Amino acid sequence: MRLASKVLTSLIVSLLLCSAAYASQPGTQEELDTFTNFAIGWVVKLNKSHIKGFTRMEILLQKDGTYLARYHAISPDTITCKVKKTSKKSKGMVGLLKYIETIYESTGKTPQEARANKFKPVKNIRITEIFSNAGKGWR
């Protein structure tokens, strides 16, 4: 798992460096607004479909006999967006979406109690996604 994580981190850093070199000037406020609307919708989709999201939370039996409930969620409050025009003559854009995915946990004597108790944030993961728009929408 660690190797896969390092490879993924390396790939993300490479993509960021490439996109930074490829993008030349900031986009307009209208382009940023359009990308921000897209990004909010994207995060809503991620929260709904996350394999470890609230509706698919993990319930783990602990060594002491209690249960741990865990799920991941992205708060729209953590979203930041940047838009840059590419150096191509055509109408190309690069959009950077940054957000924080939070892992929440709760414990209980039964799985139902673990689901019902108050969840606490235990870890934050910073994520950056890169999107492009060559005139046909954000991808």
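**Close-up views of a predicted model**

**View 1. The largest nonpolar core.** Twelve residues make up the largest nonpolar core: Phe35, Ala39, Val43, Ile74, Ile79, Cys81, Val83, Met93, Leu97, Tyr99, Phe131 and Trp138. Such a core is a set of buried Ala, Val, Leu, Ile, Met, Phe, Trp, Tyr and Cys residues joined through side-chain atoms within 4.5 Å, where buried means under 20% relative accessible area with a 1.4 Å probe, protein chains only. At least two residues of this core come from each of helix H2 (29-49), strand E4 (80-86) and strand E5 (93-108); helices (H or I, at least four residues) and strands (E, at least two) are DSSP runs, numbered from the N terminus. A second, separate core of five residues includes Ala69, Tyr71, Ala114 and Phe119.

This is a predicted model, so to speak of local features takes pLDDT of at least 70 and side-chain atom pairs count only at pLDDT 80 or more, while totals for chains, interfaces and linings use all residues. Residues are numbered from 1 along each chain as its sequence is written, and side-chain values use heavy atoms, leaving out hydrogens and water.

**View 2. Glutamate 129 and its partner.** Here is glutamate 129, in strand E6 (residues 120-133). A polar contact of 2.6 Å links its side chain to that of tyrosine 99 (N or O atoms within 3.5 Å; within protein, one able to donate a hydrogen and the other to accept it, and residues adjacent in sequence counting only if both atoms are side-chain atoms).

**View 3. Around tyrosine 99.** Beyond four places in sequence, tyrosine 99 touches residues including Val43, Ile74 and Glu129, with contact meaning heavy atoms within 4.5 Å.

Methods:
Buried < 20%, exposed > 50% of the residue type's maximum accessible area, 1.4 Å probe, protein only.
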